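These are my notebook entries from a pass through one structure.

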Amino acid sequence: MKQILLSLVLAVASLTAFCQQYITDSLMVNGQMRTYTMFLPEGLQKDAPLVVCMHGYSKKVPKPSRFDIDPVAAREKFAVCYIHGLPDSTGRYGYYVGYPSQATMQKHETSDICTITRAVQERFHLSKVNAFATGMSNGGDVCYLMAYEGQTTFRALAPVAGITMNWIYQKYQAPHPVSIYEIHGTADKTSSYYGDMENKGGWGAYLPLDISIGYWVARNRCTTIEPTDTIAGKNPANGHYIVRHRYTGGIGGTEVWVDEVVGAPHSWHAKDMDTGEAIWAFFRRFLKKE
């Protein structure tokens, strides 16, 4: 009888391990309780890759369905960790990048995100070397902050509608090359493609995208400019289309990609392209064998 019960327990445990699931949990990091939501696809294997995703500046933390990454993760068998931002003085949730409203927030966002990432890698038996990060708007901004501060947790970064704050550009020298893929709408009025060095938008001064990306092309020592490619958007009726820029041949195989979504506003751009698919296509180029 004991053997039968043991077999049933093992069978249930095995079934649970292979069922697609979301898990939300918290851990204490630098004296602050940080919450995250994991997406664990059915059939996820030990040492599977991990993609960390960070939301935009918001009155509440959005659900994972706000993005289109999970269906890709379910097919390709990687885990996704949605790290929740913290409230600032206005009660909006986000990640510290130096907005005026974030003046009272702790200023070690990069180390916190990397600590959370290492914790979930350990807890869920994920790859210690194949971790990647993406984010929308404020979540994209913090991708640039991590790059400039020289994080080594993530093999590549993919900010969407992300900007480089001028104070970050002035303060840091980016000690390590890192592959970066930016997706940005040219009609974005929140995080302008053309920058806002006069701080008209109130976020603080930030660079035009051409300068922001040009820095990483130079820092990575990219030696090849691929031919520019123009493709139709998912909804040609809205007049949007995508201009692809690819800079390759960087140190250690690093690359810089830009998808310029012409005519598109501030968004994840899922109406114009399969953003989750595009980001994973970029990340998978940098997968490393354990």
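This is a predicted model: local features need pLDDT of at least 70, side-chain atom pairs count only at pLDDT 80 or more; totals for chains, interfaces and linings use all residues.

**Entry 1. Thr228.** I count a contact when heavy atoms come within 4.5 Å. Thr228 sits in the loop that joins β10 (224-225) to β11. I then took the C-alpha distance from Thr228 to His245 and got 5.4 Å, for a pair 17 residues apart along the chain.

**Entry 2. Whole chain.** I stepped back to the overall figures. The chain holds seven helices and 13 strands. Along the principal axes, its C-alpha atoms fill a box of roughly 75 × 45 × 40 Å. I checked the radius of gyration next. A compact globule of 290 residues would come out near 19 Å, and the chain has 20 Å, so the two agree. Of the 290 residues, 53% are buried. I also looked at how far apart in sequence the contacts reach. Among contacts with a separation of 6 or more, 67% join residues 24 or more positions apart.

**Entry 3. Helix α3.** I picked α3, residues 109-123. Its 15 residues reach 21 Å from first C-alpha to last, close to the 21 Å expected at 1.5 Å a residue. I listed its buried residues: Glu109, Thr110, Asp112, Ile113, Cys114, Ile116, Thr117, Val120 and Gln121. An α-helix has 3.6 residues a turn, so residues three or four places apart point the same way. I kept that in mind while reading the list. What covers the buried residues of α3? The cover includes the strands β1 (21-29), β2 (32-40), β3 (50-54), β4 (79-83) and β7 (131-136), and also the helix α4 (138-149). After α3 comes His125, with a positive phi near 55 degrees.

**Entry 4. Helix α4.** That cover list sent me to α4. I asked why α4 can be called largely enclosed by the rest of the structure. The reason is the burial count, because 11 of its 12 residues are buried. The buried ones run from Asn138, Gly139, Gly140 and Asp141 through Val142, Cys143, Tyr144 and Leu145 to Met146, Ala147 and Tyr148. Twelve residues at 1.5 Å each should span 16 Å, and the end C-alpha atoms of α4 are 16 Å apart, which agrees. Just after α4, Gly150 has a positive phi of about 85 degrees.

Entry 5. Most residues other than glycine have a negative phi, and most peptide bonds are trans. Asn199 is not a glycine, yet its phi is positive, about 60 degrees. His269 is not a glycine either, and its phi is positive at about 70 degrees. Asn199 lies in the loop between β9 and α6, while His269 lies in the loop between β13 (256-262) and α7 (275-283). Asn199 has a relative accessible area of 32%, so I noted it as partly exposed. His269 has 2% relative accessibility, so it counts as buried.

**Entry 6. Trp203.** I stayed in the loop between β9 (179-185) and α6 (209-219), where Trp203 is placed. Trp203 has a relative accessible area of 23% and is partly exposed. Not counting residues up to four places away, Trp203 touches Tyr57, Gly98, Tyr99, Pro100, Met165 and Thr190. I took the C-alpha distance for the last of these. Trp203 and Thr190 are 9.2 Å apart in space and 13 residues apart in sequence.

**Entry 7. Pro236.** Is Pro236 buried or exposed? At 59% relative accessibility, Pro236 counts as exposed. Its loop runs between β11 (229-232) and β12 (241-248).

**Entry 8. Largest pocket.** Rolling a probe the size of a water molecule over the atoms shows where empty space is left. I looked up the largest pocket, which has about 360 Å³ of space. Its lining has 17 residues, and Phe154, Arg155, Pro177, Val178 and Thr254 lie nearest the centre. I sorted the lining by class and got six nonpolar, eight polar and three charged residues.

Key:
Residues are numbered from 1 along each chain as its sequence is written. Side-chain values use heavy atoms; hydrogens and water are left out. On a 1 Å grid over the protein atoms alone, a cavity is a set of points where a 1.4 Å probe fits but cannot get out, and a pocket is an open set with protein on both sides within 12 Å along at least five of seven lines; lining residues have an atom within 4 Å of a point. Grid points are joined across faces, edges and corners, and a volume is the space filled by probe spheres set on the points. Ala, Val, Leu, Ile, Met, Phe, Trp, Tyr, Cys and Pro count as nonpolar, Asp, Glu, Lys and Arg as charged, and the others, Gly among them, as polar. Helices (H or I, at least four residues) and strands (E, at least two) are DSSP runs, numbered from the N terminus. The expected span of a helix is 1.5 Å times one less than its number of residues. Buried means under 20% relative accessible area, exposed over 50%, partly exposed in between (1.4 Å probe, protein chains only). The radius of gyration is taken over C-alpha atoms; the globule rule is 2.2 Å times the number of residues to the power 0.38.
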